[in-house]
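Visitor: I am new to this structure and would like to learn how to read it. Could you walk me through it, one feature at a time?

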Amino acid sequence: MQKHSDKFVIARKSASTNPLKMSAPLGAAMAYLGLDGCLPLFHGSQGCTAFGLVLLVRHFKEAIPFQTTAMNEVTTILGGMDNVEQAVLNISKRAKPRIIGICSTGLTETRGEDTGADIRVIKARNAEALGDCELVFAATPDFAGGMQEGWGKAVAAIIDAFVPAADGTRALRQVNILAGCHMTPGDVEELRDMVAAFGLEAIVLPDLAGSLDGHVPGRYVPTTYGGTTLEDMGRMHRSVATIAVGEHMRISAERLEARTGVPTRFFDSLTGLDAVDRLMVALSDISGQPVPRKYRRQRSQLVDAMLDGHFHFGQKKIALAAEPDLLWAVGRLFTDLGAELATVVTTVPAPHLERLPCAQIIVGDLWDLEEGAAATGADLLVTHSHGRQASERLGLPLVRVGFPQFDRIGASHQTLIGYRGTRELVCSIANTFIDSQHAHSPQDWQEDRHGGSHAAAG
Amino acid sequence: MLKEKIQDLFNEPGCDKNQAKSAAERKKGCTTKGLTPGAAAGGCAYDGALIALQPITDVVHLVHGPIACLGNAWDNRHAASSGSQLYRMGFTTDMGELDVVYGGEKKLWKAIRDVIADRDPPAVFVYQTCVPALIGDDIEKVCEAATEKFGRPVVPVNAPGFVGSKNLGNKLGGEALLDYVIGTVEPDDAGPTDVNIIGEYNLSGELWQVKPLLEKLGIRLRACITGDARFQDVATAHRARVNMMVCSQAMINVGRKMQERWGIPYFEGSFYGIEDTSDVLRTMARMLVERGAPADLTDRTEALIAEEEDKAWAAIRAFRPRLEGRKVLLYTGGHKSWSVISALHEVGMEVIRTSVRKATANDKARALDLMDGDESALVGQIPAPEMYRMLEDGEADIMLSGGRTQFIALKARRPWLDINQERHYAYAGYVGMVELVRQLDKAINNPMWALIQKDAPWDEQGQVRTSGGEG
């Protein structure tokens, strides 16, 4: 096992309690949902798909195309290749997708199926029936990593499958964006707009803003409608630069660069003043254009929001739980504004988190968050919707970030990046603090309430 | 062991569906046709077992498997509790690669030990999933040893996903109760009017819409299996006088085997619909009297039914002016394919189609009767594009269905009402049917529909339309 620094506390418990983590195949399926005309397929028992489907529907409030190879006892023993083949043929006949995005699961990986090889055979012997329906496969055992890792694996597989190798041509105003799992459709849209403002055209992979931004297509579509098209992917090798967002996109970015020679501009985060400044400088450099007036103005608005907001953030104790890259982006914003990351929980010990300004990071679950929040006297919980139970028990406000947000509408439009997204986040969190402000009372300054009382009035 | 159990369930004599099959068909089990690769919908057996047992509120539900089985699935239903909230917490062994290689039994053992130490529950339910089943983790043995060591029931629920559908999982969940829970505690307060309700999960608090009716009659709910149940309630359920089976296909084995083991007669009924609710009360009272309850229960029940029905119909009729003539597409199944129709008719709504998926022959007959013998109004599965078209073309003004088809209606910009298990509103009993009609009114008469059904004032190229002028 890899050795981690003392900063990571790996919760060595046998019973994970109120999981923070969701499965890698679910992350991979979500990445596939960012492709146009796509239908994700889990190679596993039907429950694997059903649970993922319910969660995606509850979060996005959208019909989600999603299928299963419906493995049963017999096929689990004898092997699932026939199920994959039948599933692929059924789907291509019924839904006519451009792409079927296949993921393995714990069940089939435990069996040790070589699904990648099976799919090559299936493709070859069904060329006619499949027509122009493409297949792509990512190996995503449930017992390794979480959503973020599954998303990363799927994007790498998509690049291998659909992006051509370098051919010496360049489209001078075209850039690639490799969007991370932590980016909402709102984030993707914001980034595309920022890129466009510099006179550049962005090809986003995966493009959830195209598929899951909650639009009304005006007809019935059995696959995704919108997202990265095969044609778009077919010209990614000609871009002048690739903007990769989130540490978990590094593998995909390296693969894309090795294949196409398109140089990568890597961003660990696009949330917060510094991070967005770096993006602006990079976009100006790529395009040769000055920073547009709109964003100069937005920067100023963010600075102003930080000025107004810092009163509320200063010395607040935050209990934060998220997958590594969202944690990194949001965590930094809190410390930027003078709040303390009192309890931090994540799903895997990602090395870049060592630089997060906090004492320790627990690789654990939402019970660790709840216990930590109680022990450190946290003022605010920040995690996905499953934090609601801890919020009720502790009587602490909960700011929902990440996936899933099943008890909110408009989750796909929540925007955490860019000057505008950061500004909105600062304001909404500050408003949450204001709502839960301590009411002043004559007891505030009594001798026996030494020290802490005034801080509580913050 | 598990294989025998499943064969036993496929032979279930209490299940009309199974009994209608040939021996060979029966062996293949339930809903095999639902498992077409690439065209399947619905949960696995583990999902079904969890749905059936998780409403038991005061125990720890511990899932032995990789993160997907619980991480993607916990706290996702609205089974309500009047007490403990422990059942809403998610516990899993979160098997990693090393557990898969070396086996997960030790981790499971420690997990059981830890949850007992941390939560002190009256019992722990341990759910088997595909991966540990495949590598040969023997949860039954682990649970047996843990029960002995920790001195409280640790119940194995052996329904790994790949053994079949959600429905089979419901039954396997019921088997776990029969094998390890029901009859393990003797109550000191058994009485002549004790009943169990089996297969009711108290989603959105529906049990609480009907429980007051029983209380008014002096009927005591010994155990609801499993809505808002405590472990102790279920453990003493064998001392009830009568069992009511709700959603009979799901846990029929529990009712029938309780009759076999403890001589408790059961009947099937539903709290969806006014006549249904009355039937339930009437049957329950009759059977209790037959088993020794005071004879005046019958008359008191009739009086209550008359009073409640009058009240409910009056309340429903008040909605008639707002709902009359509206067309409903009823896309559910089982007994719901007919049980809400009379309330819809009472407010003057027209049911254009009702889906009789998962319905028994009896369900279908009742639906046909309510649809004036129009066979064409009884449909099976409606393909999604057809459903979209029916709504978009205005053949139906509203669809009543489950969450799976919600967005077909909404994307067609038509009203939709959830009447399946994820619903947020409770529709059981007399008050529930009034609530359903109230929700229908709320959905269909929202002024928003007129606004959003209007096209944008430009064409597909964004050219503003000049003709007409009103936009």
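Guide: Gladly! Let us start with helix H16 (residues 366-376) of chain A, whose buried residues are A:Leu366, A:Trp367, A:Asp368, A:Leu369, A:Glu370, A:Gly372 and A:Ala373. A residue is buried if 20 or more other C-beta atoms lie within 10 Å of its own, exposed if 12 or fewer, and partly exposed in between, with C-beta atoms placed from the backbone. Helices (H or I, at least four residues) and strands (E, at least two) are DSSP runs, numbered from the N terminus. This is a predicted model, where local features need pLDDT of at least 70 and side-chain atom pairs count only at pLDDT 80 or more, while totals for chains, interfaces and linings use all residues. Residues are numbered from 1 along each chain as its sequence is written, and chains are lettered from A and ligands numbered from 1 in the order in which they are written.

Visitor: What do the buried residues of H16(A) pack against?

Guide: They pack against E2, strand E11 (317-321), strand E12 (340-346), strand E13 (361-363), strand E14 (380-383) and helix H17 (388-394) of chain A.

Visitor: How should I read a strand?

Guide: In a regular strand the side chains alternate between the two faces of the sheet. Take strand E5 (residues 99-104) of chain A, where six of six residues are buried. A:Ile99, A:Gly101 and A:Cys103 point one way, and A:Ile100, A:Ile102 and A:Ser104 the other.

Visitor: Which strands pair with E5(A)?

Guide: Two strands pair if DSSP finds at least two bridges between them. Strand E3 (residues 38-43) of chain A pairs with E5(A) in the parallel sense over six bridges, and A:Phe42 stands opposite A:Cys103. Strand E6 (residues 134-138) of chain A also pairs with E5(A) in the parallel sense, over five bridges, with A:Ile100 opposite A:Leu135.

Visitor: And two helices side by side?

Guide: Two packed helices are described by the angle between their axes and the distance between the axes. Here, helix H8 (residues 147-162) and helix H12 (residues 250-260) of chain A pack at about 10 degrees, with axes 9 Å apart. Axes are lines fitted to C-alpha atoms, for helices over the stretch in contact, and angles run from 0 to 180 degrees between N-to-C directions. H8(A) and H12(A) are therefore roughly parallel, a label for angles under 35 degrees.

Visitor: Which residues of H8(A) make the contact?

Guide: A:Gly152, A:Val155, A:Ala156 and A:Ile159 do so; residues are in contact if their C-beta atoms, placed from the backbone, lie within 7 Å.

Visitor: Is B:His238 buried or exposed?

Guide: B:His238 counts as buried because it has 23 C-beta neighbours inside 10 Å. B:His238 lies in the loop between helix H12 (231-235) and strand E7 (242-245) of chain B. Not counting residues up to four places away in sequence, B:His238 touches B:Ile182, B:Gly183, B:Met258 and B:Trp262.

Visitor: How do the two chains meet?

Guide: The size of an interface is often given as the accessible area lost when the parts come together. Here we can count residues: 54 of chain B are in contact with 53 of chain A. On the chain B side, the largest share, five residues, comes from H7(B). Strand E2 (residues 16-17) of chain A and E2(B) run antiparallel, joined by two bridges, and A:Ser16 stands opposite B:Thr92.

Definitions and conventions. Two residues are in contact if their C-beta atoms, placed from the backbone, lie within 7 Å. Angles under 35 degrees count as roughly parallel, over 145 as roughly antiparallel, 65 to 115 as roughly perpendicular and the rest as oblique.
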